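Reader: I have a structure open and have not looked at it before. Can you walk me through some spots in it?

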Amino acid sequence: MASLAPPPLPFSYQPLLPKPSIFTSKASLSSSPTLTTSLSNPLQDLTRLCNSGNLPAALALVQTNTFPTSQHLKDAIGALLQACGRHNDIQTGRNLHRLVSQSTIFTHDVVLNTRIITMYSMCNSPSDSRHVFDALPRKNLFQWNAMVSGYSRNNLYAEAIDTFIDLLRAAEFKPDNFTMPCVIKACGGGLDVGLGQGVHGMVVKMGLVSDVFIGNALIALYAKFGMLRDAVKVFDKMPERNLVSWNSMIGGFSENGMCEESFGLLVRFLEGEEGFVPDEATLVTVLPVCGGKGNVKMGMEIHGLAVKLGLDKELMLSNTLMDMYLKCGCLKEARVLFEKNDRKNVVSWNAFIGGYSRDGDVSGAFDLLRKMQMEEKVDEVTVLNVLPACLKESELLRLKELHGYSFRHGFQDDELVANAFVAAYAKCGSLSSAVQVFYGIETKTVSSWNAVIGGHAQNGDPKNALDLYLQMKQSGLDPDSFSIGSLLLACAHLKFLQYGKEIHGFVLRNGFEWDSFIGISLLSFYIQCGKLSTARALFDRMEHQSSVSWNAMISGYSQIGLPDEALDLFRQMLSNGILPSEIATMSVLGACSQLSALRLGKELHCFALKARLTEDLFVGCSLIDMYAKSGCIEQSHMAFDSVTKKDVASWNVLIAGYGIHGHGNKALELFGEMIRLGQKPDSYTFLGILTACNHAGLVKNGIEYFNKMQRLYGIEPKLEHYACVVDMLGRAGQLEEALNIIDDMPEEPDTRIWSSLLSSCRNYNDLGTGQKIAEKLLELEPGKAENYVLLSNLYAATGNWDDVRWVRQRMKEIGLQKEAGRSWIELGGQVYSFVAGDNSLPESGDIRKMWARLEERISKLGYTPDTDSVLHELDYAEKIEILKGHSEKLAISFGLLKMNKGATLRVCKNLRICVDCHNAAKLISKAVEREIIVRDNKRFHHFKDGLCSCGDYW
C-alpha cells in the first residue's frame, strides 16, 4: 500500500507535543475530502486561534506539522509571533523562538528574527530583543528599525537614541521613514527637543520630510514642548495628511491649554475637503481642554457632534464627556451620561467619584464609592479620587474611614496612595497621623519624604519640616525641587532668612536656579521675609518670567503693604503683553483695597469682566472687598449679588464690609439670611459679626453671637475673636468685663488684645488699669513704637506730663520713632499722599489757603478746635497750628481744590482719626454740600450734612 507522508519537519528535535503520523493510500487521497481540508485550512485554523487568544493551542497546531510547505509553516510562525506580541504572551513567544533558533531552515531567517525582536519588545522585554539582535550574524535595516522601535515603545528613550547612533555609524544602511518616527518619539520622551530639531534637519536633508508618519511625529514632538509655532509650520507644510495628523495638531493645542485654537482647528477639519471624518480620538483630544478651561458651551457643541457621528456610545468618549461636564461644574449633565452608560468601567466610576469629590460633596463621593463596590472593582485611583473631599479639618473622621478602607483592600502599599494620605492628614490638621502613615511606608522615596516635609511646612509646623529634611539627608536621599520648595516655605514661615539664603546657595551650586518651581519658591521666601529688593532682583534676572512669577511678585507687594508697587508692576505686566490671571487680578484688587483707589478698582473690574475673570469665586470676593474698602458698600453688595455660586467666603466678605462701615444691624441681617440659605458659618463669619457689633456699639448682640459660635456652631474662638470682644467691651467703657474675658481665655492674650484695651483706658482716662496693661504690653513687645505712643497718650490725656517726657525719652534711647500721620486721596487714577505738618508739596500754599477758607466757614457753623487732640505740652497757639497740619485736613483741602463740585471725597488715613478732624469733617460736609468718606485704620466714616455714620462712636 502506498503511503503519503507530510514534508519533513524543518526542526532538528522532537516537537513539544507528539506529532501524529498520517499514512494514507493514493486511492483514499483522491477520494477523501477530509485530508484535503486538513491540508488546506491549517492557516485558517491558526488565525482563528490567534484571534481568540488561544495561543498555546496555536503553538500546538504549528508543532503538528500539518502545513503543506515550509513557506506555509514560516507564515504560521510569523503570524503566531505577532499574536504573542499583541496578547503579551511571552511564554508562547519563547517557545516559538526556541523552535526557530533550533531549526535548520529558519534559524537565520530575516523575517522571523525581525518578528522575534518585535515580539519581545511588545511583551515588555527589550533586553531579550537586544539579545536576539546582537546574536544576528548580519543585520538589515528592518532589524535595526525593530530595535529602535522596541526601545521607544518601552520608554527606553536613551537606548533608542544610542541604537539610532549605532545605525548611523554602521554606514551600511540609511535610516528610512520607519526609523525616523521612532527616533523623534524618543527625543520627545527623553525631553531633548534640541536633538529632535537635529533629527528634523536630518529628515529634511534625506528628503523624508514629506512622509506623513514623520510629519505626525514632529507635530507631537513640538507640541509636547509647547513649540506650537513649529508644530503648525510642520502641519501646514505637509503635502499629505491623514486623520492622525489632524488629531495630533488638535491634541497639541489641547495639551497646551489653547482651547480656542483647538476648537478652531476642529472646525477647519470638519470644513476641509480632505474627506476625513472625526473619530473617537479626535473628540477625546479636544474635550479635556474644555473641562480644564471650564468652557462647557464648547464641550456641549462637541457632545452634539459626537451624537451626530454616532460616537457618543463609545466608552472612552462617554467617560471623557462626563469628565468634561464634571470639571465644568455640571453635575446634573454628568450624572445623566453616567446613568445612561450601560458599559461602565472602572474609569467611568473613578471620573464620576472624582467630580463629586472635587466639588466638595463628601457624602456623595462616599455613597458612590459604596455603590461602585457592588458593580466594579475599586482600585488605587478610586481612593485617590475620593481623597480631595477629605482635606478639611472637619472631615478628619471621613479621612480615617477612607484610610481604614484602603488598609482592608491592600491599597496602602501603593506609594502614591500612602503619600496622598500623608498629605491629607497634614491638611486636616492631624500631623501626628501624617507622621504615623509616613513611618509605616516600608520603602520611603523622595516623594514620600516630600509629602511629610511639605505637610508640616504648609500646615503650621515649619520647624518639624526642617528636622524631617535633616532625617531625609541622613537616610542618603538627595532633595529634589519639591523638597527645596517645602524647605523655603518653612524658612519663610519661621523668618529664617540666613538658612533660606544657604538653601539659595545650594540651589545655585547644584544648577537648580533654572527650575521654575524653585524660582517661584525663592521669590515667595524673600517676599515673606520682607526682602522685597532681593525678590525683585531675582525676578528681574529670570530668563522666562512666567505668569506665576508675575503673580508672586504682585501679590507679594500687595500682601506686604506696598500697594503702589503692586499696581506699577501690574501695569508693566500688561505692557509686556502678559494677560493677568485670576491670582494677579485678585492681588491688584487687594492693592486697590489698601489704597481705597476706587477708580483703579473700577477699571480693573471692567478688565475682569471683559476677560471673563469675574466668574472666578476668588475674583468675585476680591471685588466685593475692593468696593467695601473703597467706601462703596452699595456697589460691594451689587458685586455680591452678581456672584452666581455664593460660598461662605463671599458672605464673609460682605458681612465684614458692612461691619467696617458701621452697619452692624445690616451685618446681622445678612448672617440670618446666610443661615436660612443653608450656608455653614466658619470662624471668619463670626469675626466679621463681632467686628460689626464692635463698630456699631451693639455690645449685647456681640456677646450673644460670641456665645453662639461655641454653643450652636461648635467653633472654638481664636485669639482674634477674643481681641474683638475685648475691644468691643473696652470701647463701651466696660473695662472690668473686658478684663474678665481676658482672665477666662484658654490661652495667653497677645499684644493686639492689650493694646486695644490700653487705648480704651486712654479714652476713659483710667490711668491705674492702663499702667498695669502697659507693663504687660511692653513686656511682650518692648521694641514696638506704637505701644509707647499709647502709654504716652494715656499720660498726656490725664495731664501727667513728666511721665510723657519719660516715655518719649525712653523711645529716643532705644531708637523708636512714632509713625507719622499720613493720608492719601485718589484723583484721576493717581494717588496723592500727605504727611502731617508737611509744607513741602508744590500745592502746599493753595492747600493752606483752602483750609483757611474752610475753617472760616465751619467756625460759623460752630467749629472750635479741640486742642485735647494735641497730646503735646505746648501753648494754645502752637496746638492750633499743629491741628491745621493734620494729614486728613490737607487731603480734604486738596480734594476740594482739584475735584468737581459735588463729587464725593474719599480719603484714607493710616492712623485713627482724631476728635478735632472728625468734628471738622462733619461741618465741612455741610458747608460744601458734599459727602466726605474717611477710612482710618479701624473703620469708615461717612460725613454728610454735618453728621457722621459712626454716630460719634469710634
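Reader: What should I know about the model and its numbering before we start?

Author: This is a predicted model, in which local features need pLDDT of at least 70 and side-chain atom pairs count only at pLDDT 80 or more, while totals for chains, interfaces and linings use all residues. Residues are numbered from 1 along each chain as its sequence is written, and side-chain values use heavy atoms, with hydrogens and water left out.

Reader: Ok, Ser152. Where is it?

Author: Ser152 sits in helix α9, residues 141–153. Helices here are DSSP runs of H or I with at least four residues, strands are runs of E with at least two, and both are numbered from the N terminus.

Reader: Is Ser152 buried or exposed?

Author: Ser152 has a relative accessible area of 2%, so it is buried. Buried means under 20% relative accessible area, exposed means over 50%, and partly exposed is in between, with a 1.4 Å probe and protein chains only.

Reader: What does Ser152 touch?

Author: Not counting residues up to four places away in sequence, Ser152 touches Tyr157, Ala160, Cys182, Lys185 and Ala186. Contact means heavy atoms within 4.5 Å. With Cys182 there is also a distance to quote: a polar atom of the Ser152 side chain lies 3.4 Å from the backbone oxygen of Cys182.

Reader: And Thr179, which helix is that in?

Author: Thr179 is in helix α11, residues 179–189. Thr179 counts as buried, at 1% relative accessibility. Setting aside residues up to four places away in sequence, Thr179 touches Leu141, Asn145, Val148, Phe164 and Leu167.

Reader: Switching to helix pairs. How are two packed helices described?

Author: By the angle between their axes and the distance between the axes. The axes are lines fitted to C-alpha atoms, for helices over the stretch in contact, and the angles run from 0 to 180 degrees between N-to-C directions.

Reader: How do α32 and α33 cross, then?

Author: The axes of α32 (residues 532–541) and α33 (residues 547–559) come within 11 Å and cross at roughly 160°. That makes the two helices roughly antiparallel. Angles over 145 degrees count as roughly antiparallel, under 35 as roughly parallel, 65 to 115 as roughly perpendicular, and the rest as oblique.

Reader: Which residues make the contact?

Author: From α32 they are Leu532, Ala535, Arg536 and Phe539, and from α33 they are Ser549, Trp550, Met553 and Tyr557. By class, the contact of α32 with α33 has six nonpolar, one polar and one charged residues. For these classes, Ala, Val, Leu, Ile, Met, Phe, Trp, Tyr, Cys and Pro count as nonpolar, Asp, Glu, Lys and Arg as charged, and the others, Gly among them, as polar.

Reader: Where is Arg541?

Author: Arg541 is in α32. Arg541 is exposed, with a relative accessible area of 58%.

Reader: What about α43 and α45, how do they cross?

Author: The axes of α43 (residues 719–731) and α45 (residues 751–763) come within 9 Å and cross at roughly 5°. The pair is therefore roughly parallel. Residues of this contact divide into six nonpolar, three polar and four charged.

Reader: And α51 with α52?

Author: For α51 (residues 887–898) and α52 (residues 915–928), the axes come within 10 Å and cross at roughly 15°. That makes α51 roughly parallel to α52. In α51, Glu888, Lys889, Ile892 and Leu896 meet Asp916, Cys917, Ala920, Ala921, Ile924 and Val928 in α52. This contact has seven nonpolar, no polar and three charged residues.

Reader: Back to single residues. What is Ala591 in contact with?

Author: Leaving aside neighbours within four places in sequence, Ala591 is in contact with Ser558, Pro563, Ala566 and Leu567. Ala591 belongs to helix α35, residues 582–595, and is buried, with a relative accessible area of 0%.

Reader: What is the phi of Ser596?

Author: Ser596 has a positive phi of about 55°, although it is not a glycine. Ser596 is in the loop between α35 and α36 (598–610), and at 6% relative accessibility it counts as buried.

Reader: And Glu929, buried or exposed?

Author: Glu929 is exposed, with a relative accessible area of 67%. Glu929 lies in the loop between α52 and β4 (932–935). Glu929 has a positive phi of about 55° and is not a glycine.

Conventions. A polar contact is a pair of N or O atoms within 3.5 Å; within protein, one must be able to donate a hydrogen and the other to accept it, and residues adjacent in sequence count only if both atoms are side-chain atoms.
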